[in-house]
Amino acid sequence: MAPKIEYYCPCLAESPHPPPPHLPSSSYSFHPLHNLFFCEECDAVRCNRCVLLEVSGYYCPNCLFEVPSASVRAEKNRCARNCFMCPNCRNTLTVVPSDPPDNGDMRTSAVVTTALGEPPFFLYCNHCRWDSAEVDITFEKPTGLAAQLQKFEDSAPESLEFERLKEHFEPFLRASSSSALPSATPAHHVHANPITAAASSALARDIPGVGKYNPLARSRIGRDKHAHRHELPDYKARVEIASAAALSGEADVEFLKHLESIEEVASLEQRWTNSWATSLRESDLKPLRIPLQSKKSKRCPSCRHILIKPEQKAQSVRFKIKLVAANYLPAIAVTLPHAQAALEMMKRSSTLGKSTSAAAAAEEQQAAGALIPGHSYPFHLAFTNPLYDPIQIRLAKAVPQGEIVDAEKARRSTFHIQLPSAAFPVAAYAEAWEYDDDEEDMFGLDDDGMEVDARGKKSKDGRGKSRSVGIVERRANVTVVSGEVLIPKDARGEVKFNMLVSYTYRSDDPETVDDAEAGTPSRSQATSRAPEMKNFSFYTVVDLGTIAHREETRLSVEP
Amino acid sequence: MSAVPSTPRRPAHETTTPAATPQTTRVGTTHIIQSSPHYQTTRRHSLYGTEDRIILDPGSRVWKVGFSGEGKPRDVFLAEPETGKSLWSLNRASKPADREEEDRVLEAKLQACLRSVFHNSLLTDPKSRKVILVEHPLLPLHIKEMIARVLFNNLQVPSISFASSHLLALLAAGRITGLVIDCGHLETTVLPVFSFRPLYPHLRTTPLAGARLSIHIKALLLMFGTYIPPATSLSAAVNIPAASRSVRVPQDVLTDKVIDEIKTRLCFVGDPIDDESQLMSGGRVSSPSGGEEGSELDLPPSDPAMSESEFSRVSAAEVESLASSAAYSVVSHSQLAGMGSESDAASLGGERRVQALATMYGRHSTATDIHMRVDPPPSQQTGTGRGTLIIPGWVRERAAEVLFEGGDVDENSVAEVILECLLKVPVDLRKTLASTILVVGGTPMLPGFIPRLQAELVRAVSRTSSSQSSPSPPSRPGHPSRRPPPGTASGYDRYAPLRPLLPYFAILNNPAPPPPASAPAAANAGKAPAFTPAAMAWVGGSLAGALKTGGFEVQREKWDEAEAGAVVTGVQPDDEDVLMGAEDSPPRPRPGAASATPRSILPDWTRTPLPAGAPPAPRPPGSTAGAQGPVFASSSLHTQSVAG
């Protein structure tokens, strides 16, 4: 696994400090940089877990039609035009005409028929060859299919039954709710129904607490509801399940008993939104209307400022407002030079020599990039500055919280991380042509970092330790620094640590210094005023990979 | 709740006064605001009338979500789509630190689910949508709190109503009285509802449910399934017959996804086997000395199903030792546990017993064997294409037997748990409730489940009578010496008080009801509308929302107030802890700031104090202390998890 780095959003935790990275719950607090937003007002990172979402428009992902809000509800969030999905493979269905009458030669008649084709039309899946004629769905004309199907949906048994249920309960509830208040009055003496009058005393004695918490009864059964109570007649179902048994009951058992292959039965995902007893058979599945999608604008949860606002048009992929964290925070890329070098070598050898199987290669790769206990490895952190001003970055290993238990502490300190302690600069972002070809202040040879090899440990050992921690490379708006991880002999687990990155930048509007919200790193061009330095810091988690197991690497894989 | 039927919670002036929290003093002025035309015009996104609520049925595994007033849920999804596991289980970590961590993970997952409900499934603005939460009566309180916290704090819904899932399911059947059994993933719960009132104290539960069925299917397949790995080369695929390649099923093949697919697409529930005594002797008797059983073992398999799994038969013992004790649930846990000391003999006996069971079931089953294409385990991915898993027909038909195997005091069968509940309810209600049984939940979606349950109910009640004369205890023909079950002494007839109910047993949503034996049964059996058992609770929620009711409602103002209060008092968490400790014994799991949530706000029937002066419920005749044991044990487990 390649080493990776993720950024912290404090929305899940109460403290501004990140949870220790070895906890499984911590993974929910860290996000890749490209998923994060930045609120200028609050001067804080926001993530997809905390932003408030608002729908700014609905559209069909297939035909890109912008559905007006009014019809979204009526169509149940589905496309009301010609867009259908295959029930088997979820591919988009196409409308095809039926074969022309086979009175003549197939080829000529196909040419003769116009683009419109012969009715009836049906839906056809280009992927799995399913077609809607199998389930007796055909259309008179090739347009407005959803409207043609609408009448079937309106007469769906579950909605008819639902309406009937509603009518059944409505008069009863209307009568009772007119006087009933949502007060906390416990509805104690509701047993005036002659049938249950005898039971009521037993009930009242037998069921402690029922009068206190009585979820549905409270609103509908008031004190004088006796008359209504026994007015509720028995409900007569429109379609009783016993009479619908042809669809579900013993027929299904018989069908399953003589089943030949699993494909005959529709999968759970294909059936489970049906609230009505339907056939199990896959051959009875109906085409699905394609669900709509929405364009969402995102707001900061605390100050409600808009962070993301997409353009209204469904075809457009641009945003009117886009405050993403990648424009404010330096992007960090973490690499393990020894793994990279090993990979490079492997590539070379594999192209030269015989190609081994993919699995073996992957295994080799794993082994090459492995972090073996008892060694120390350098790692590179490449910082890319998105701001138009140079920044100064300072790194620190996040101090674990005091509450951590000793056992965990022991586990945490299985490896030692060395980070460059001094602040280092990252040049400003500029368009490509603005950079000089000869970056004069580029020190630390390029090769230096790349030559560190997993196999050539001697060469690395020969190098001074201080050498491997510090700035490795500077070019354009990227600065690469190197840290070092030392893995003791008995270490195991993942090499994962929290890193605090703080950087200073020049604030662009120094006249509103007293305004706390103004101190935001911004991408706008630097002005010529006196530089006002601001500081921003954020937490990250650096995951260098798993410490290789000595036993595992030495021994062959056990069966 | 009727006073504020349609409180539109979306601030009309969001953009102008961003920092203002809009829901401060809205309660009293609702009607004024609502009648203002200006307000109406600014509500851009409110496509649904504000009275349309969102119905949320969050299961431990499957969630159903949609809008009220509609006949079916808009979306159904797995809470954890990658693994298909359940979000929570019946256990919680025992160490406080672990538990805290577990809760954090759970809350993060719940948050992801809930956000996806509003933003991906329903595409609606949570700030203007009231929510009805279809609440399982045993949904642990800490999970309920988490859901409420995410809905109120993260999504800012205006209000949440809590409605009992059992009651809602009954509404969907058009009834207000009935005995509702919910057979879900983690457990099966029976709750009597009388005239809209859930009789919570009579709730009965058993862990025999979907999760147990999955484990059982896996165990059966490990022993009796056959796996044909993909041929190593195309020529081998032609030359080497599949039979010679077949091996016993590697555990890696039976991933949760595969098991789930088998369960939902291949399994069904067969009729009870007619010759009960044969089942008893062949299946349930675990004594290795049973002569009849021995002869059965030696019989060559008469069914082609058996010859197919010949290979795995040979190595059954190996498999059994391989199968973890958790996976090995083939007949019952307690039986195994009792055999711990004599493990060798026991495992031999267990193996023979299971073998005998297989033979017997195989002989009775006419279900076809299914060849299913499965991905080979990652360690053996060298062949061409996918492997084949052969599932014997009798496994498909009889896997669900585990749910109907009673006789264990800790784990009642699905039929027994209904009977236990009937024993608990007041005598006057028994007849009514016995004839209005409603079966809901995901597991009853197995074809044949409900008719089988009906048969099992009748059998469990009448069996006792028929075998009363026999010397061995009726429900447990095994070895009474090894498992001395309290309360099931020889001749003890547990369900005798229910025997007069025999003609009245009727399942409302039985697709194939037996000929009715009484007028109430005739009026009720199979009379429910043909909604699927799995969707009934959701449909009921939708109905409740459409009828503008829906249980105890918690407004966001109340929540915010309570939370603000908790934060203020949270300055001295220790004091609060002491207070809490005084009130209810379990210590608060999270003394941190996160636990500063209002406890009293959410409705919780388990904490309702007893009304003063109410005498303790008299025990119905026939239930003894011993038999109460498991029920209390399981319910105390719940209270524990609820309280924690």
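In the predicted model examined here, the secondary structure of chain A comes to 16 helices and 22 strands. Among the contacts of chain A that join residues at least 6 apart in sequence, 74% link residues that are at least 24 apart.

Within chain A, six strands are arranged as an open sheet in the order S2-S1-S22-S21-S16-S18, and the pairing is antiparallel. The edges of this sheet are taken by strand S2 (30–31) and strand S18 (424–426) of chain A, each of which has a single partner strand, so one side of each is left without a neighbour in the sheet. Strands of a sheet pair through backbone hydrogen bonds, and the pairing may be either parallel or antiparallel. One of the pairs in chain A is formed by strand S1 (residues 4–8) and strand S22 (residues 532–546), which are joined in the antiparallel sense over four bridges; in this pair, Glu6(A) stands opposite Val541(A) of S22(A).

Another part of chain A is built around strand S15 (residues 376–384), which is mostly covered, since eight of its nine residues are buried. Strand S14 (residues 331–335) of chain A pairs with S15(A) in the antiparallel sense over five bridges, and Ala333(A) is found opposite Ala382(A) of S15(A). S15(A) is also joined to strand S20 (residues 478–486) of chain A, by nine bridges and again in an antiparallel arrangement, with Val478(A) in S20(A) as the bridge partner of Thr384(A).

Chain B is divided into domain 1 (54–173 + 536–558), domain 2 (175–208 + 412–464 + 496–528) and domain 3 (210–273 + 362–405). The centres of domain 2 and domain 3 of chain B, taken over C-alpha atoms, are separated by 33 Å, and the contact takes 16 residues from domain 2 and 19 residues from domain 3. Between them, these two domains of chain B bury about 1500 Å², of which 64% is on carbon and sulfur atoms. Of the area that domain 2 of chain B buries against domain 3 of chain B, 43% is supplied by Leu208(B), Leu446(B) and Arg452(B), which is more than any other three residues supply.

Chain B also contains an open sheet of six strands, in the order S3-S2-S1-S4-S5-S14, and here the pairing is mixed. Strand S3 (75–78) and strand S14 (552–555) of chain B stand at the edges with a single partner strand each, so one side of each is left without a neighbour in the sheet. When direction is ignored, neighbouring strands of this sheet are turned by 20° against each other on average. Strand S5 (residues 159–164) of chain B is joined to S14(B) by four bridges, and the two run antiparallel; Glu553(B) in S14(B) is the bridge partner of Ser161(B).

Two helices of chain B lie across strands of this sheet. Helix H3 (residues 96–121) of chain B lies across strand S1 (54–58), strand S2 (62–67), S3 and strand S4 (131–135) of chain B, and runs at about 35° to S2(B). Helix H4 (residues 141–154) of chain B, in turn, lies across S1, S4, S5 and S14 of chain B, running at about 150° to S5(B).

Two further helices of chain B may be described by their burial. In helix H19 (residues 414–424) of chain B, 11 of the 11 residues are buried, so this helix is largely enclosed by the rest of the structure; among the buried residues are Glu416(B), Glu420(B) and Lys424(B), together with Val414(B), Ile418(B) and Leu422(B). In helix H23 (residues 536–546) of chain B, 11 of the 11 residues are likewise buried, so H23(B) is also largely enclosed by the rest of the structure. The buried residues of H23(B) include Met536(B), Trp538(B), Gly540(B) and Leu543(B), and just after H23(B), Lys548(B) takes a positive phi of about 60°.

The C-alpha atoms of Pro376(B) and Ile228(B) are separated by 9.3 Å, although the two residues are 148 residues apart along the chain.

How values were computed: Residues numbered from 1 in each chain as written. Chains lettered and ligands numbered in written order. Predicted model: local features only at pLDDT ≥ 70, side-chain atom pairs only at ≥ 80, totals over all residues. Heavy atoms only, no water. Pairing = 2+ DSSP bridges. Axes fitted to C-alpha atoms, helices over the stretch in contact; angles between N-to-C directions. Contact = heavy atoms within 4.5 Å. Buried < 20%, exposed > 50% of the residue type's maximum accessible area, 1.4 Å probe, protein only. Domains from an automatic or database assignment. Buried area = accessible area lost by both parts, 1.4 Å probe.
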